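Visitor: Hi, I'm new to this one. Could you show it to me and walk me through it?
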Amino acid sequence: MSQEPSAFKLPPQAHAAVSRLLKLGARLLGVPAAALWAPRADAAGAAPRTRLDWLCLQTWLSPDQGPLVYPGPALHPPAALRADEPRFFVGLLLRQDDGQPLAVLYGAASTPGPPLDDDTRAALADLGALLVHELGRASPAVPEPALQALAEHTSDAAYVKDRAGRYLWVNPAASALLGLAPARLLGQTDETLFGPQASAELRALEQRVMTTRVPEVTEREVQRAGGPHIYQLTTVPVVEGGGAVEGGAVEGVVGLGRDITDRRRRVQAIQDVSAALSPQADLHTQTLARLALEDPVTGLRNRRAFDADLEAYLAQLAPGDGVSLLLLDVNAFKAWNDVHGHAAGDTLLRALGAALQAHCAAATVYRLGGDEFALLQPGPAPGSLRECVRAAERAVQAQGFAELSCAAGLARAPAEATTPSTLARLADQRMLHEKAARRADQGLGNLTGAPPDDRALELAGEVTFGALRATLALLAHDTRPEQNVWAPLLEAAVAAVPGAESGSLSLREGDSFVLQAQVGFSSALVGVRQPAAAAHVWYGAASAPRSAARGC
């Protein structure tokens, strides 16, 4: 059993408060002095040796909230306890917030003390609450036998030295590490045991720690059976009164050594494997980075690469510089796939990509997806970029793809656009316009028997003139053609109007208008009649068709 307040490891600032509270408790209890009591962890369950121990234990085990007083009818110490123990005892059990016992505040005297009235009991309860608060700031002290057991059974080497470097205490692991029995080590210095050269570095470390009062962690190689071992050594200064005491004298050092050889070997093995795999990992990383920017069918750079390159080109433009963007789309590629199969379609795309790279060497070629390609060419305005594309187209036709034709749209930054989105949108609009013009030209060729004119695709106005000529030729006859020739005429008209994407064409028959063709809308309404009066309402009297053969 323990009757000492040292059962609690009080911080320095709490010592004075607890001492004052114990003096006040002695006055309330009517005894010369008051103290704190708690069972010792190493003596739990042991029989009390004195009457005072027995009385404190009864208070500890009591369920009552108030103080226990002896002599009293409820307390009967065993006769075997010595008779010279106090004849008067008052004990108050202090409980933690969760109801668990914390300590016993007690006082004892050789003569009976004054009776405890209600006011005194209430004051003792308040005093007990204050003591619980102060003791709560402390952590229970670790029993010395527990520390001894820990030191003896740990695999870490531990030792204590005084300021002169003499060993004051070593555990079995430290004795085994140093290769000497504890009796041979105690009172000796490393210099005496192992020589000045072997001990100089360690002694310098210990002196530095004692001077700075700052713990240090170092690594030392120790020769042992089986080869060298690496130890992690932690050196801590020992300060009089504990590390929390400001200005206390440094009495020596504590050393803790841990064998980290296996851990270092594992780390080294991991590093060796990593070094061996590093070139492969780098190659794999480079391959993944390349594949992320490469089209798997043609081997060209893909849309992700195109978006990044276009943004970089525009961001780095200097005054007077420029960059040209040409978007390219294969005409009727879906029909080609449907007739020849997807494998043949992939062959066509690869041939076109290779031809574009060969004939447009100054440009970077991209496959954006499907049948759409892009070319980026920095520098002055490339007057020959479109000619390069046409040359590539002819080269692919010569490889057995005679039906190949492409629509292209060209835009330039910063002359026509200054952002990636506006530049791409402008090139795309021009490509779609050319695609519509080609369809119109092909339709007109079917009417007139003339072959498609590549030059007319670049001069949409000539397509319009062709449409007008064909229309006049049809209107010169008083008979209806056997086939619907109005669709290509309407396509030519839409292609000739900048920015136009759709249109419709109606012919007047008597008092009605009949829808003959539509572009950009469903053809389900072709053939529907509309009364002339309704047409006037729909188009307005000023713009409604008046002629029997006028389209709208």
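Visitor: In what order do the four strands of the open sheet come?
Guide: A quick note to begin with: this is a predicted model. The order of the open sheet is β2-β5-β4-β3, and the pairing is antiparallel.

Visitor: Which strands stand at the edges?
Guide: Those are β2 (34–37) and β3 (68–70). Each has a single partner strand, so one side of each is left without a neighbour in the sheet.

Visitor: And by how much are neighbouring strands turned against each other?
Guide: On average by 20°, with direction ignored.

Visitor: How do strands hold on to each other in general?
Guide: Strands of a sheet pair through backbone hydrogen bonds, and the pairing is either parallel or antiparallel.

Visitor: Okay, helices now. Which strands does α2 lie across?
Guide: Helix α2, residues 51–61, lies across β2, β3, β4 and β5. The angle at which α2 runs to β5 (101–109) is about 140°.

Visitor: What about α3, which strands does that helix lie across?
Guide: Helix α3, made of residues 118–136, lies across β2, β4 and β5, and runs at about 55° to β4.

Visitor: Zooming out, how many helices and strands are there in the protein?
Guide: You'll find 18 helices and 18 strands.

Visitor: And what share of the residues is buried?
Guide: Of the protein's 552 residues, 39% count as buried.

Note on methods: Residues are numbered from 1 along each chain as its sequence is written. This is a predicted model: local features need pLDDT of at least 70, side-chain atom pairs count only at pLDDT 80 or more; totals for chains, interfaces and linings use all residues. Side-chain values use heavy atoms; hydrogens and water are left out. Two strands pair if DSSP finds at least two bridges between them. Helices (H or I, at least four residues) and strands (E, at least two) are DSSP runs, numbered from the N terminus. Axes are lines fitted to C-alpha atoms, for helices over the stretch in contact, and angles run from 0 to 180 degrees between N-to-C directions. Contact means heavy atoms within 4.5 Å. Buried means under 20% relative accessible area, exposed over 50%, partly exposed in between (1.4 Å probe, protein chains only).
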